[in-house]
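Here is a friendly note to read with the model open beside you. Please take the points in order and find each residue as you go.

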Amino acid sequence: MRCWNDSFLSAKLLTGCILVISFFLSCNNPFLPTAPKYKIGFSQCTGGDNWRKAMLQEMQRELAFHPEITFEMLDAEGNSSKQAEQIQQLVDSKVDILIVSPNEAEPITPVVEKAFSKGIPVITIDRRITSSRYNAYIGADNYEIGKTAGSYVADLLNGKGKILEIWGLPGSSPAVDRHNGFQDALRTFPEIEIVASVNGDWEKEIAEKALPEVLVRYPEIDIIFGHNDIMVLGAYGVCKKMGREDNIRFIGVDGLAGPGGGIEMVNEGILDATFLYSTGGEDAIRVAINILENQPYQKENILVTTAIDPSNVRIMKQQTDKILSQQKDIQRQKEMIGQQLEIYKNQRTILYVMGFSLIFVLVLGGLALYSMREKQAANRVLADKNQEIILQRNQIMEMAEKARNATEEKFRFFTNISHEFRTPLTLILGPVEELLETDYSKENIKHQLGLIRRNSIRLLYLVEQLMDFRKIENGKMRVQATENDLSRFIKDIYQAFEFPAQKRVIDFRLVGAEKPMIVWFDKNMLDKVLFNLLSNAFKFTNDHGFIYIRIQENRPHNQVLISVEDNGRGMAPEQVSRVFERFYQGESYSTSGTGLGLSLSRELIHLHKGSIGVESEDLKGTRFFIFLPLGNSHFGKEEIGQKDNNYVTMEYTGQYIENEKLAYLTEENKPEKETSVLIIEDNLELMGFLNQALARDYHILEATDGRKGLEVARESIPDLIICDVMLPEINGLRVVSYLKSDLYTSHIPIVLLTAQDTEKQSVVGLEIGADSYIIKPFNLNFLKATLKSLLKNREILRERFISEISMDIPVSTENRLDKKFISQFVAAVENNLSNPELNVQDICEQIGMSRIQVYRKVKALMGYSVGDYIKHARLKKAEFLLTENVLSISEIAYQVGFNSPAYFSTAFKSAYNLSPTEFKLQKNTTTD
Ligand code: FRU
């Protein structure tokens, strides 16, 4: 929803921006040149003089307010036929209106008429054509100008005088009209005479050329009247040259403002008067626009005129100068506006660019926002998926972990069960071999057969457990419940355990079984359960502990409670929570049992619709409890069995238990032997068997778990150790590893005894330093041979040490620690050999070990007592020195630590059967 809102907002923003920019760009700007609407064509007869230039300036000033109009001027340069051509040219270029200032009326009229008849509006300015086929005329009344000038001259001359007239182009209308007006005004003054006329064609130079001759011809000229100011200026110049300028009055037409214009000439006294003749440029454009815009206009637009002479020239000059300066201002402002427009145009272009860029950026931004939203949404989906995958992966890993654990538990189970099989098999095969090979007393045979029987039963029991396990796995285990007296049933089981309890001084009680208690149950199954609980209790309860069985009827709840409580080893909470799991073997079960017993028990109780539970505290004890429902309504028809059907378990249960723990207890101590063997074995029966088999040859030491094994080994430093791999407390592999890395015990050969026969296991055992590895079931003779061989090897090694030491060759031994010890010991002896007082204590101090440890270690590794070794070393050194033949015999005697040469000789002789002298002699002879 939020995403949609954001997109909507950005779309609105974008549209808004576009609208604002479009609005701004599309606004009408009064300062901007609009597209050309009209074209004005202007045909100028001549463009060179100031008056024409002023006309054009006026036109352009006016046009400046009309940017919609384009303007084209063609200059005919005083050539009428050229002008006619140019007019046609303008017509052809499709001007909307034509302004014509004809050079001469006659030659120009046809082409103007043609344009007019074509529908092009025509304005004539200043000069006229001979036709009336035009739209408007702009100009002053030239006849009137001529007439006013005539009257003014008449006044000046007081009615009498001679006049020279300078004509404009005779074919042009102003020349004709001005002449006519002038002549008409003078008609009433008979004494005023135009004595001569000169044609100046409106131009100064032409007038200048023609005048000198006429002036010479007429020496009494009073006034020169020219049709325009510039021709009169030319006449003034000519007169000046002739020295006649003061005698002649000069009168002109135009009265142009500004420098060089007629007004200035009057002001400077060159002209006596001039008659204003406006150019009409401004008016012509205004009228043209009115025509084009279809606005009302006049056909005849007559411009005002006035005489300018010394009486008004100053004010005229001031005014015209002011106008000119204002016109200049206007021009400047126009230019500035032009510049501003240019700036504006540039800014507008920039604005366009920026506007479009902004739109572009906004569009891109919108797209980016949109794609970002899309991406976020996609990311969210991906994150969810990822989470799901992680969850699934974790579940899979959890399942895999469970499967792995289950597999591991199974492997362990099969390993243990094979161990369980191997021990009884060893105990069956061993006595059988013994019986076959040896002549035993009847008592011994009975003992061996007892062993065979018990272990066969144990195997049977294990097989039975496996079968039950299979049946439960396949759902084929079925209760065959019969109505029984539970008190009686449990009492029988209780009695089977009484004997071992007595022997081990365990307070073993049955509480609550005084009166009969009728309960429906499968005797075979409940027997297995109770046997399992009791055998566990006996296994983990120490001598002098207690084991209580209680039975209790709970009528209100319609059930019976059976509990087995002990004050044995107990279990840690983690073990308590898993103790009924199939294949689970806690610490207490690590060396015995299959891990099936309690799991099996629980299944069997569940088949009875009952429940089984446990309470236990580490090192304090354990209490198992079973609830069984009363009556038989909870059993199906097929679960009700025949009375005492197939109840067989009791036949062997008691015997097995009775003997398992006790077999060992009855073993008598064997007499001391020279070579000691430590057996570390938790299976007491196997321990008993080994003890009996080896006791004849060796002094046997025993330990029933790894920890005790280590203690006995360190205390007694036995000559050999037989150690089981699967041991309580500390397992056999770790026991070997500890012993081999301990200086005191590192030299003792160790035989590992195990049920695990995988190659890997053997390699591990040997790698950590075990000297041999025997797999159960083993052949007793093989075991005995192995022990003999190891002890013999130790003997050989010892001899090698001695010989190596005596020859000063570095000792090579299997064990790094032994090697270190020997070199330390040998060095201590060697360094002090000349000291006759050298004793064990000195050496112990030097190598930092106790006397007894050094004594045992030296004895075990070298076969000597320390004292014997010192003596041996003295004699060996003496032997070396004698062979060297450098020192005298008595010197050698002191050198190797004998108090007197005589004692040295005696000692040497008893060891070598030769006196030192004889030995020296023999050696040196042989060497020589
Ligand atoms: C300029 C001019 C003016 C005169 C006008 C008549 O070319 O000669 O001096 O007044 O033309 O058309």
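1. How far is an oxygen atom of the ligand from an N or O atom in the side chain of N228? The distance is 2.9 Å, which falls within the 3.5 Å limit for N or O pairs in a polar contact. Taken alone, the ligand exposes 310 Å², and the protein buries 98% of that (areas by the Shrake-Rupley method with a 1.4 Å probe).

2. Before going on, please note that this is a predicted model, where local features need pLDDT of at least 70, side-chain atom pairs count only at pLDDT 80 or more, and totals for chains, interfaces and linings use all residues. Residues are numbered from 1 along each chain as its sequence is written, and side-chain values use heavy atoms, with hydrogens and water left out.

3. Now look at the shell around the ligand, whose members include D49, W51, D126, W202 and Y277 (a heavy atom within 4 Å). It divides into six charged residues (Asp, Glu, Lys or Arg), four nonpolar (Ala, Val, Leu, Ile, Met, Phe, Trp, Tyr, Cys or Pro) and one polar (the others, Gly among them).

4. Finally, step back to the whole protein. Of its 928 residues, 47% are buried (under 20% relative accessible area, 1.4 Å probe, protein chains only). Among contacts (heavy atoms within 4.5 Å) between residues at least 6 apart in sequence, 71% join residues at least 24 apart.

Methods
Buried < 20%, exposed > 50% of the residue type's maximum accessible area, 1.4 Å probe, protein only. Polar contact = N/O pair within 3.5 Å; in protein donor to acceptor, adjacent residues only side chain to side chain.
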